[in-house]
Amino acid sequence: MHRTVPLALCALIACEAPAPPPEAPPPRWVYPPPPPAWPLGDVMGHIGRSQAPQPALPAGLTGDVTFPLRLPTPWAVPGPGPARAAIYGTLGERPAVELVDIDAGRVLWRDPTACDGPIVGVTEQAIVCAAAAGTRGVSLDGKVAWRSELPYIALTDDRVVTADAGVSIILDAGTGDEIARIDLPAGMSPESIIASCGDAGRELFSFGGDGRLVRVIEGAKGVAAAWATPIGSVGSIEACDGDAIVVESGGTLLALERATGKVTGRIDGVRGWWEARGAPDRLEVSTAAGVASWPRSLVGPPSPIALPALGELLAKRGDARLVRATPLTAVVLDRAGVRAYLPLASEGAVLGDTAIIASRWNGSPAETVRRVGLPPRYTRVLRLPARTPGVAVPAELRDLPDPKPLDVGAAIALPDTGKHTVGAVIVDPVEPAVLYTVPLEQQPSETSGAGLAAVDLRTRAWKWQRTDGCGAGQPIAIAVAREVVVCGARGNRPGTATVRATSRDGTPAWEWEGDSLDAVQARGDAVIVHAADRAYVLDAKTGRVRAWLASDDGAIVRATAVVAGDRTLIVAAERGRLTARVLDLDMLPLWSLAIDGVVRAISPSQDGVLVELEDGDALRIAALTGEAAALPGLGLTWRASGELVTGAVKGGPIPAPLPPDPAKPPLRVLSPIYGRPPPKEPGSPPMSVPIVPPPPLGYSWQLTVYELGGGLRARNDYAIEWPAILPLARGPAGSPLVVAHGRGLLSVLVLDPRSGDPLRRVALPEDAPGGVVFATIVDGTPVAGAVLASPLRIVLF
C-alpha cells in the first residue's frame with residue numbers, strides 16, 4: 001500500500017521530492033494583446049472637466065492560424081449559444097473569412113477560399129458573402145454550404161434577395177434553396193429591393209431613384225405595389241416586425257403603417273436608435289435632448305430614460321446594447337442602465353458576455369482585430385460632453401490686401417528633380433534657414449519611392465539630395481530629430497513600411513522596417529512611428545526600438561516627443577493618465593496626471609505639449625514640471641507652433657457690398673397745389689423705401705493667437721475661402737503665420753504673428769502642390785515661401 005511521507009519526516013531523512021507540474025505551453029497568439037504597460041507613477045494632479053471612461057482590459061485571441069487578418073470587418077452571429085463573430089479581412093493580397101469565439105478568446109477556424117468577396121450578412125445558420133461572381137453561403141463550421149451565380153441584393157433575417165431580369169429570387173440563407181420567385185411590377189428594378197418579409201419572403205420593399213419607399217405584395221391580380229411613400233433616402237430599415245415599418249432617413253426616424261404606408265410618427269435630429277432593452281415592441285431613440293423610449297409606431301408621448309445623448313448602435317446581444325457615446329468612447333447598456341463606459345474608437349464591434357471584438361476597416365492598413373474585456377459595472381451617473389461646434393467670439397473682420405501671383409523668376413531651383421510632385425516641406429529646428437523637401441520623380445509604387453533634398457535659404461543653394469531618401473511606396477511624413485532627418489513610407493502590402501534616416505550632411509544613417517505606418521514624429525533623440533493603435537519609439541541615433549506604446553481605444557496613439565533641456569521626453573495618454581517619461585532612463589515616469597475626460601490629440605509645443613481633450617478644451621503643459629495652463633477656447637482647431645498656440649474656427653458672416661445708389665430722378669419744378677393732392681402715379685415707390693442689405697457672402701475664418709501661458713495675443717476674422725489650414729512648416733519665434741486656403745489650398749495669406757495683421761496674399765500656380773508652404777527666419781528676417789515641382793523650386797514671397 002502506498003503511503004505519503006510527511007513533510008516533517010522528509011526534513012530528517014532523504015526522500016525524493018515530488019515532480020513539479022508541467023508548465024503550460026505559451027499561448028499561440030493570432031491577435032496578440034498589447035505589450036506590457038509601462039509603470040504610470042503617482043498621480044500629481046488632474047486635467048479635464050469631464051468623466052474618464054473605465055480602464056480598458058486588453059486581451060488577445062489565440063488559434064491555430066498564424067497571421068492576423070488586416071482591415072477586418074466583424075459581424076455578430078445572432079441567436080443563442082456562445083457569442084461568436086464572423087470576420088472578413090485580407091490575408092496578404094487575398095480575402096479570408098474566420099469565426100471567433102469572443103468570450104473564449106479563440107479563432108475557431110479560418111478559410112481563405114470560402115468567400116471571394118466581403119461578408120454581407122450573418123444568420124444563425126450561415127455566413128453570406130457576395131462578389132461579382134455571385135453569392136455564397138458558408139456554414140458556421142467553415143464549409144461552403146451553397147453557391148449561386150445570381151447577384152446579391154439584400155438580406156433580411158434568414159432570407160437572401162438575389163436578382164434576375166425583372167425578377168426577385170428569394171433564397172434560404174442556410175441552404176441556398178429557392179423559396180420564392182417574384183415577378184416585379186413593370187418599371188421596378190430588382191436592384192431596388194431593400195427588404196423581404198413574410199414566411200416565403202414574398203412581401204418586398206423597394207426604394208428607387210425617385211425617393212419613394214414602395215411596398216410590393218401579391219394580390220388578386222398578381223404582384224403589385226400596395227403603396228408608395230416619399231421619404232427621401234433610406235439609411236436603415238426594420239420592415240418585418242409588427243404593424244409599423246421603421247425607417248431612418250438622413251437623421252430622421254419615420255414610422256409607416258404597414259397596410260397604408262401612412263407616416264404615423266416622425267422624430268428629427270436622431271443620433272441613434274435601437275430595439276428597447278427588454279421591450280421588443282418599443283424603440284429607444286437618442287437625440288440631442290437625450291434618450292427616450294417610444295412605441296414602434298412613434299405615436300404617443302415618449303418615456304424619458306436617464307441617459308445622456310448617445311450615438312449610433314454598434315452591437316447588441318440579448319438585452320445588452322453597445323452604443324457610441326463619443327467619437328472615442330462607447331457605453332454598454334443593459335436593463336439596469338449603464339453596464340460599462342469604455343474607450344472605443346472602432347467603427348465595428350461585436351458584443352459578447354464578458355468581452356468585445358472591435359476593428360476598423362477604413363483606417364490604417366495595419367488595422368487588425370482587438371479584443372477587450374468588459375470592466376466591472378459602471379457605478380457613476382454617466383455624463384458626456386455635448387457635441388457642439390467650435391465657439392467663435394465676435395472679432396474684427398480684417399481688410400485683406402489684393403492677391404498677387406507668385407513670382408517664380410527668383411526661385412531657388414534644383415534642375416531635373418521633382419518631376420512628378422513635391423510631398424512635403426519641413427524647417428530644421430536647429431538651423432532655421434535650412435529646409436527639407438520630399439521630391440517625387442514618378443508616381444510611388446512598390447519598387448519606387450521619393451527622395452529627400454535640403455536647401456539653405458541663407459546661401460540660396462541646395463545643400464544635398466538623396467534620391468532614395470524615402471523607401472519604396474507612398475511617402476507618409478518627414479521629421480527632424482537632433483542629428484537625423486527621417487522619412488516614413490509604406491507600400492500596399494503588409495511588411496513594406498520603412499523609416500529611413502539621413503544625417504544632416506546627406507549621408508544614410510539607418511533604416512527601420514515594419515509592417516505598416518501611419519505617421520512619423522521626431523524630436524531630440526527620439527523617433528515615434530505610428531501604426532494603427534501601436535507606436536514604436538525608436539532611438540534617433542541607431543533606429544533601435546526603445547519602447548512600445550498602445551492606445552486604449554483602438555485609435556492612433558496619442559503621444560509625442562519633446563526636448564526639455566538636454567533630455568528627450570515621451571509624453572503619452574495611456575490608461576486614463578497623461579504621463580511624461582525620460583527616454584534615456586528606460587522610460588522612467590517623470591510626472592503623471594489623471595485625465596478627467598478623453599485626450600483627442602497631443603502635439604509638441606516648444607518645451608511642453610499641447611493637449612486637446614474630446615470635450616473641446618485644450619491645455620498647454622510644461623514638459624519638465626507637468627504644470628498645466630488652460631487655453632480660453634472651446635472646440636477650436638488647435639495648433640502648436642513655436643512660441644505660440646493658435647485656435648481656428650468658423651468666424652462671423654462676411655457682409656456683401658451694398659448695391660449702388662439708385663439713379664436720382666431729374667429735378668422738376670412743381671407748381672403750387674391747391675385742394676386735394678393729385679393721385680400717385682402707378683408703380684411709384686412709397687415716401688420712404690428702406691435699403692435691404694444683400695445676404696452675406698459666407699462665413700469668415702477666425703484665428704486666435706495665444707501665448708504659451710494661455711494669454712490672448714490676437715483674434716481676428718479673415719474673409720478667405722474655406723478650407724483653411726496652418727501648415728506645420730514654421731520656424732522659430734517671430735516667423736510669420738502662413739495660411740493656405742481655398743480650392744486646392746492654392747491661395748496663401750501671410751499674417752504677422754504678433755498681431756494677426758494681414759501682410760500679403762499670394763496666388764500659387766494651378767499646377768503647384770497645394771499647401772506646401774513654409775515660414776521661417778533667415779538672418780533675422782522673417783520670410784515665407786512655397787515649394788514647387790517640375791523642377792523642384794523654392795520661391796520666397
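I began with the second largest cavity, whose volume is about 50 Å³; a cavity here is a set of points on a 1 Å grid over the protein atoms alone where a 1.4 Å probe fits but cannot get out, and a volume is the space filled by probe spheres set on the points. The model is predicted, with local features needing pLDDT of at least 70 and side-chain atom pairs pLDDT 80 or more, while totals for linings use all residues. Residues are numbered from 1 along each chain, and side-chain values use heavy atoms, without hydrogens and water.

I listed the lining of the second largest cavity, taking residues with an atom within 4 Å of a point, and found among them Ser50, Tyr341, Glu614 and Asp615. By class this lining has three nonpolar, four polar and two charged residues, with Gly counted as polar.

I then turned to the largest cavity, which holds about 90 Å³ of space. Of its 13 lining residues, Leu726, Pro727, Arg730, Leu737 and Val738 are the closest to its centre. Strand 67 (773-778) gives the largest share of that lining, three residues; strands are DSSP runs of E with at least two residues, numbered from the N terminus.

Next I looked up strand 32 (residues 337-343), where seven of seven residues are buried, meaning under 20% relative accessible area with a 1.4 Å probe, protein chains only. Strand 31 (residues 329-334) pairs with strand 32 in the antiparallel sense over six bridges, pairing requiring at least two bridges found by DSSP. Ala330 stands opposite Leu342 in strand 32, and a hairpin of two residues joins the two strands.

Methods: Buried means under 20% relative accessible area, exposed over 50%, partly exposed in between (1.4 Å probe, protein chains only). Helices (H or I, at least four residues) and strands (E, at least two) are DSSP runs, numbered from the N terminus. On a 1 Å grid over the protein atoms alone, a cavity is a set of points where a 1.4 Å probe fits but cannot get out, and a pocket is an open set with protein on both sides within 12 Å along at least five of seven lines; lining residues have an atom within 4 Å of a point.
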